[in-house]
Amino acid sequence: MTHSTRRTLVLTMLLVTFVAAACGPAGSSVTPPASAASAAPSPSPSAAPSAIPAPSSTATPTAAPTASPAATPVACVVPQTGTLPSDRLTGIKVTAGATSDSLTFRFGNPSLGPAGVPQGSIQAAEPPYTQAGSGATIAVEGDHVLQMRFERMSLSNDAGQETYTGPTEIKPDLQGLRHAVEYDASEGVIGWYVGYNGNGCVTLVTTGNDVTLTIPHA
């Protein structure tokens with residue numbers, strides 16, 4: 001075999017091999033492997049955290065404390081009952097003092113034939129304050145009001161003259177004693193309302209023919 005003949009045979013064999021490789025079955029090509037980055041699964045988005053509501057800028061109002069009502073001063077009057085100097089009231093005197101005021105009821109000579117032993121009493125008065133006969137309302141000035149009542153009294157002397165001719169209402173407007181007004185003068189009864197200020201204890205003292213009501217104010 002000549003040199004040119006061998007060369008022709010080699011070229012022919014190479015051509016056959018190339019054609020056979022090109023005519024292989026379809027779909028036999030190999031898909032290149034996916035890259036590591038694309039193979040990694042995408043992370044699932046986590047649920048968004050619930051938002052915490054911001055505190056309100058408006059403060060919750062608190063109930064205002066209820067002020068206790070101011071205490072009403074309590075009257076200090078010890079109820080008393082006793083015998084009067086006589087059955088005839090003849091006058092009333094008002095006296096202002098540095099620490100107390102006083103209201104003095106003055107009694108004259110007793111009647112020739114009194115209806116009985118005259119008695120006097122004192123106690124705290126309760127509203128409404130009224131006239132004994134008509135029931136008309138009486139406005140008494142002062143933080144407290146007390147009631148003085150004289151019984152078995154003679155409203156006139158033996159000659160038929162009134163035994164008491166003084167005022168039936170007194171407004172001294174003092175620090176303690178504020179007001180005194182007669183509410184009864186009938187059928188052997190004489191009654192007075194006395195309005196006053198202060199929380200001191202009122203006292204009633206008989207000296208001779210005088211019955212004195214003392215009202216402390218300091």
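**Aromatic pairs and the open sheet**

Analyst: This predicted model holds six aromatic pairs.

User: What is the geometry class of the pair formed by phenylalanine 105 and tryptophan 192?

Analyst: The ring centres of phenylalanine 105 and tryptophan 192 are 6.0 Å apart, with 70° between the planes. Planes over 60 degrees apart fall in one class. The pair of phenylalanine 105 and tryptophan 192 is therefore edge-to-face.

User: How many residues apart are phenylalanine 105 and tryptophan 192?

Analyst: Phenylalanine 105 lies in strand β4 and tryptophan 192 in strand β9, which covers residues 189-196. Both residues are buried. The pair links distant parts of the chain, and the separation is 87 residues.

User: Is tyrosine 183 buried or exposed?

Analyst: Tyrosine 183, in strand β8, pairs with tyrosine 193 in strand β9; the two rings are stacked, at 4.4 Å centre to centre and 25° between the planes. The relative accessible area of tyrosine 183 is 6%. The cut-off is under 20%, so tyrosine 183 counts as buried.

User: Which residues do ring pairs link into a cluster?

Analyst: Phenylalanine 105 and tryptophan 192, the edge-to-face pair, both belong to the cluster.

User: Which residue in β4 stands opposite threonine 95?

Analyst: The open sheet has five strands in the order β1-β10-β11-β4-β3, and β3 (89-96) is one of its edge strands. β3 pairs with β4 (residues 100-107) in the antiparallel sense over seven bridges. Opposite threonine 95 stands serine 102.

How values were computed. Residues are numbered from 1 along each chain as its sequence is written. This is a predicted model: local features need pLDDT of at least 70, side-chain atom pairs count only at pLDDT 80 or more; totals for chains, interfaces and linings use all residues. Side-chain values use heavy atoms; hydrogens and water are left out. Two strands pair if DSSP finds at least two bridges between them. Helices (H or I, at least four residues) and strands (E, at least two) are DSSP runs, numbered from the N terminus. Rings of Phe, Tyr and Trp (its six-membered ring) pair if their centres lie within 6.5 Å; planes under 30 degrees apart count as stacked, over 60 as edge-to-face and the rest as tilted. Buried means under 20% relative accessible area, exposed over 50%, partly exposed in between (1.4 Å probe, protein chains only).
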